[in-house]
Amino acid sequence: MAEKYSLIYTLLIIYKHVTYHLKKMKYFTFHIDDSGAIEDIDYKKVNGQNITICKMYDDDEFNKLNDILHSINEFILNEKALNILKGSKTIQYDLRKAKVLRKEKLFGILKKNKSYDYFDLTFPDKYANECYNWIDFEKSEIFATDSNGEKFKIKSHQHKLDLISENKSDSKTNYSFETKKVFFGKNFDFEIDFFKIPLYSSGEYVSERFKNKMEKEKITDIRFAERKEQLNKIWQPMFPIIEFDNKNGR
């Protein structure tokens, strides 16, 4: 009898786990506030080790020592934020140590650079290749327009790569691109916590699991948006609508 109840309990746990992922999982775009921002980045080799040197803005409005600092191409983050990423399922990333230089008052009007230990984490576009396989192009709304103004649908990721290659060639035909909606098909990995699709969206996408971890650890000055309408109107064109084959997965 005890074994029977143990089996039932195990099955219930499995059921709850599966239904959580299939019915409740949501994905959000991830945004870092510029209250702590990097003005300039340099890359140096110190004692044989590659180090990123980050200079913060000398402005009280932009030099808060957040857990993740605003930067154009990198995630400059402290150990607390890094541990959350390490404990999550993400696409591959590159990691190196970083020194953050922040001007702080010495006395009077005099200031001196103080150094803080951070990490420089990047998600190179080449590591996002696997994510393109999740896109169902038939159900997506991804278009190209040629130099004659003729608009047509992108049929596959390779199709877009071919058109991009033609843009770079000596061909007189030139294409512009527009992504209104990205539809992720049945092979989408709902276990993924952090991914991106560089040629179709300017955003980084995170799971509800990742969002909850960040909020639980009180990572400073970050935001999440589930719908593009939640973004500033200036940025909305750079973020397509995202849909999934299993709509309950949202």
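Leaving aside residues up to four places away in sequence, Asn63 is in touch with Ser35, Gly36, Met56, Tyr57, Arg102 and Lys103. Keep in mind that this is a predicted model. Asn63 belongs to the loop that runs between strand E3 (49–56) and strand E4 (68–69). Is Asn63 buried or exposed? Its relative accessible area is 5%, so Asn63 is buried, given that the cut-off for buried is under 20%.

Now look at Glu61, which lies in the loop between E3 and E4 as well. With a relative accessible area of 55%, Glu61 is exposed, because exposed means over 50%. Glu61 touches Asp34 and Ser35, again not counting residues up to four places away in sequence. Ser35 also turns up among the residues that Asn63 touches. For a C-alpha view of the region, take Glu61 and Ala37: they are 24 residues apart along the chain, and their C-alpha atoms are separated by 9.3 Å.

Time to zoom out. The chain has five helices and 14 strands. Of its 250 residues, 40% are buried. If you take the contacts with a separation of 6 or more, 67% of them are between residues 24 or more positions apart. The accessible surface of the chain is about 15300 Å², and carbon and sulfur atoms hold 50% of that.

One piece of surface to pick out is a nonpolar patch of about 480 Å², made by Leu106, Phe107, Ile109 and Leu110. Within that group, Ile109 is placed in the loop between strand E6 (94–107) and strand E7 (110–122). Ile109 has a relative accessibility of 83%, so it counts as exposed.

On to the aromatics. How many aromatic pairs does the structure hold? There are 27 aromatic pairs. Take Phe195 and Tyr205: their ring centres are 5.5 Å apart and their planes are at 20 degrees, so this pair is stacked, since planes under 30 degrees apart count that way. The pair links distant parts of the chain, with Phe195 in strand E11 (residues 194–196) and Tyr205 in strand E12 (residues 204–207), ten residues apart. Phe195 is buried, at a relative accessible area of 1%, and Tyr205 counts as buried too, at 3% relative accessibility. Both rings are part of one aromatic cluster, formed by Tyr27, Trp134, Phe184, Phe188, Phe190, Phe195, Tyr205 and Phe244.

Lys151 has its charged end over the ring of Phe143, 4.6 Å from the ring centre. A second case is Lys160, which lies over the face of Tyr200 at 4.5 Å from the ring centre.

Last stop: helix H5 (residues 208–216). Which residues of H5 are buried? They are Glu208, Arg209, Phe210, Lys211 and Met214. An α-helix has 3.6 residues a turn, so residues three or four places apart point the same way. After H5 comes Lys218, and its phi is positive, near 55 degrees.

Technical notes
Residues are numbered from 1 along each chain as its sequence is written. This is a predicted model: local features need pLDDT of at least 70, side-chain atom pairs count only at pLDDT 80 or more; totals for chains, interfaces and linings use all residues. Side-chain values use heavy atoms; hydrogens and water are left out. Helices (H or I, at least four residues) and strands (E, at least two) are DSSP runs, numbered from the N terminus. Buried means under 20% relative accessible area, exposed over 50%, partly exposed in between (1.4 Å probe, protein chains only). Contact means heavy atoms within 4.5 Å. Patches are made of residues with over 30% relative accessible area and no salt bridge: like charges are joined within 9 Å, nonpolar side chains (Val, Leu, Ile, Met, Phe, Trp, Tyr) within 5 Å. Accessible areas come from the Shrake-Rupley method with a 1.4 Å probe; for residues, only the protein chains shown count as cover. A salt bridge is a side-chain nitrogen of Lys or Arg within 4 Å of a carboxyl oxygen of Asp or Glu. Rings of Phe, Tyr and Trp (its six-membered ring) pair if their centres lie within 6.5 Å; planes under 30 degrees apart count as stacked, over 60 as edge-to-face and the rest as tilted. A charge sits over a ring if NZ of Lys or CZ of Arg is within 6 Å of the ring centre and within 35 degrees of the ring normal.
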